[in-house]
Amino acid sequence: MLQGSPESNRRAKALRKQLSLPEVLLWAALKERPSGFKFRSQHGAGPYVADFYCHEARLIIEVDGENHGFGDRPARDRVRDGWFDARGLDVMRIPAREVLRDRDSVVRGIVARAEQRLADQGTQ
């Protein structure tokens, strides 16, 4: 299981109480275990907090608002994604506006990615 540091676990607990509207909407669908996949919300992951995490598929879901395209944020996201990648985790970044526009399509995409990850793990 992907473990968080004491600091990231504290942040994760606080963040669970402060979900954005796209995160709330996506969590409402993911907590129903689509296609049997169990997701965790605001999961401590090393020094980071993942918006959503599926251990079985080793898949991290990040809901990115507009701020992810500005300032030093893109570079920080690349470093973060590299940290996850080095540990065999896949990061799926979803624009918040896509969740608001068509949540069901986003969920289908997440499930497809999780299924592909399991299929790929089975062939290694």
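Guide: What follows is a look at selected salt bridges and their surroundings. This is a predicted model, in which local features need pLDDT of at least 70 and side-chain atom pairs count only at pLDDT 80 or more, while totals for chains, interfaces and linings use all residues. Residues are numbered from 1 along each chain as its sequence is written, and side-chain values use heavy atoms, with hydrogens and water left out.

A search of the whole structure finds 10 salt bridges, each defined as a side-chain nitrogen of Lys or Arg within 4 Å of a carboxyl oxygen of Asp or Glu. One of them joins Glu7 to Arg10, at 3.6 Å from N to O; both residues belong to helix α1 (residues 6–15) and sit 3 residues apart, about one turn of the helix, where helices are DSSP runs of H or I with at least four residues and strands are runs of E with at least two, numbered from the N terminus. Glu7 is partly exposed at 42% relative accessibility, whereas Arg10 is exposed at 54% (buried means under 20% relative accessible area, exposed over 50%, partly exposed in between, with a 1.4 Å probe and protein chains only).

In helix α4 (residues 96–122), Glu98 and Arg101 are likewise 3 residues apart, about one helical turn, and their closest N and O atoms are 2.6 Å apart. Glu98 is partly exposed at 26%, and Arg101 is exposed at 61%. Elsewhere, salt bridges with shared partners link Asp64, Arg73, Asp77, Asp81 and Arg93 into one network.

Within it, Arg93 and Asp77 meet at 3.6 Å, N to O. Arg93 lies in strand β4 (residues 90–95) and Asp77 in helix α3 (residues 73–85), so this pair ties together parts 16 residues apart in sequence. Asp77 is buried at 7%, while Arg93 is partly exposed at 25%.
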